Amino acid sequence: MLSEKKIVDSILANEFYLKWMKSRGNITFQLKDKEEEIDFNLRLRKDSLIWLNLSKFKKKIARSKITKDSIRLALEFPEKSFYIGSFDQIANEISITFSYTLLENLFTGGSYIRSLDNFSLSMEEGQYHINSKIKKEKTITFQSWINTTTFKTNRINLSIPKSETEIDLFFLDWSTIDGGTVPLKIRGILKTNSSEYSLELNHKSIKFD
């Protein structure tokens with residue numbers, strides 16, 4: 001096994017530092033036996049701004065503007081409404097950790113490692129395993145599993161024992177496009193003490209500026 005410094009340096013060196021990203025594709029949501037599929041159009045400016053439009057059968061459902069500090073959401077269907085709030089407000093309302101960085105990593109497959117102050121690194125099931133505790137209002141346990149050859153993230157797990165909440169993100173179908181390697185499929189699972197939700201995001205077309 002490489003030294004911790006070499007592993008971290010290799011993870012950071014293999015991250016794709018895009019400036020702009022354009023993508024379209026579909027997202028499948030599932031709650032128990034109910035499944036919904038919608039289309040998305042995404043435009044992302046690294047570390048600062050995300051525009052996301054959702055539609056179904058070419059009918060607009062929602063559009064959002066997401067910055068480092070806030071989310072502006074305009075719902076078009078089933079009825080028009082508007083929401084603006086900070087990430088802290090949203091996290092408190094839904095009782096799970098939520099941040100711009102987490103959302104950006106969802107689309108780009110980033111390692112999240114730059115956001116960790118302290119962590120331990122080991123080998124687990126043939127992958128580099130990162131473990132950390134994030135101290136906020138509630139202690140969050142962060143884990144990630146990194147491919148030992150590509151140094152790309154296979155999985156990220158966030159758990160909040162106090163609220164019995166867990167988020168799993170799986171990054172699949174890594175492909176090289178315009179000189180950068182990104183996951184074309186992202187699968188997410190949210191577990192609470194009463195429910196389990198899942199989504200699968202598929203990038204059908206990606207462009208980088």
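Colleague: What should I know about the model before we start?

Modeller: It's a predicted model, so I kept to rules: local features need pLDDT of at least 70, side-chain atom pairs count only at pLDDT 80 or more, and totals for chains, interfaces and linings use all residues. Residues are numbered from 1 along each chain as its sequence is written, and side-chain values use heavy atoms, with hydrogens and water left out.

Colleague: Fine. How many bridges join β11 to β12, and which way do they run?

Modeller: There are 11 bridges between β11 (residues 165–177) and β12 (residues 180–191), and the two strands run antiparallel. On terms: helices (H or I, at least four residues) and strands (E, at least two) are DSSP runs, numbered from the N terminus. Two strands pair if DSSP finds at least two bridges between them.

Colleague: Which residue stands opposite P183?

Modeller: That's W174, with P183 sitting in β12.

Colleague: And what about the turn of that hairpin?

Modeller: The hairpin of β11 and β12 has two residues between the strands, and D178 takes a positive phi near 50° there.

Colleague: What does β12 do with β13?

Modeller: β12 pairs with β13 (residues 196–208) in the antiparallel sense, over seven bridges.

Colleague: How many salt bridges does the structure hold?

Modeller: Seven salt bridges. One of them is between the side chains of K46 and E104, at 3.2 Å, N to O. This pair links distant parts of the chain, 58 residues apart: K46 is in the loop between β2 (34–45) and β3 (49–56), while E104 is in helix α3 (residues 100–108).

Colleague: How accessible are those two?

Modeller: K46 is partly exposed at 26% relative accessibility, whereas E104 is buried with a relative accessible area of 3%.

Colleague: Which residue forms a salt bridge with R63?

Modeller: E76 does, and the closest N and O atoms are 3.1 Å apart. R63 lies in β4 (residues 59–67) and E76 in the loop between β5 (70–75) and β6 (81–86), so parts 13 residues apart in sequence are tied together. R63 counts as partly exposed at 43% relative accessibility, and E76 is partly exposed with a relative accessible area of 22%.

Colleague: Back to strands. How do β2, β3 and β4 pair?

Modeller: β2 and β3 are antiparallel over seven bridges, with N41 opposite N53 in β3. Then eight bridges join β3 to β4, and those run antiparallel as well; L52 stands opposite S64 in β4.

Colleague: Which turn residues there have a positive phi?

Modeller: In the hairpin of β2 and β3, with three residues between the strands, D47 has a positive phi near 65°. In the hairpin of β3 and β4, with two residues between them, F57 has a positive phi of about 55°.

Colleague: What about other positive phi values?

Modeller: F151 has one of about 60° although it is not a glycine. F151 is found in the loop between β9 (139–146) and β10 (153–160), and is buried with a relative accessible area of 12%. D173, not a glycine either, has a positive phi of about 55°. D173 is found in β11 and counts as partly exposed at 47% relative accessibility.

Colleague: Last one: what is N105 in contact with?

Modeller: N105 lies in helix α3 and is buried, with a relative accessible area of 6%. Leaving aside neighbours within four places in sequence, N105 is in contact with G110, S111, Y112 and F171, where contact means heavy atoms within 4.5 Å.

Notes: A salt bridge is a side-chain nitrogen of Lys or Arg within 4 Å of a carboxyl oxygen of Asp or Glu. Buried means under 20% relative accessible area, exposed over 50%, partly exposed in between (1.4 Å probe, protein chains only).
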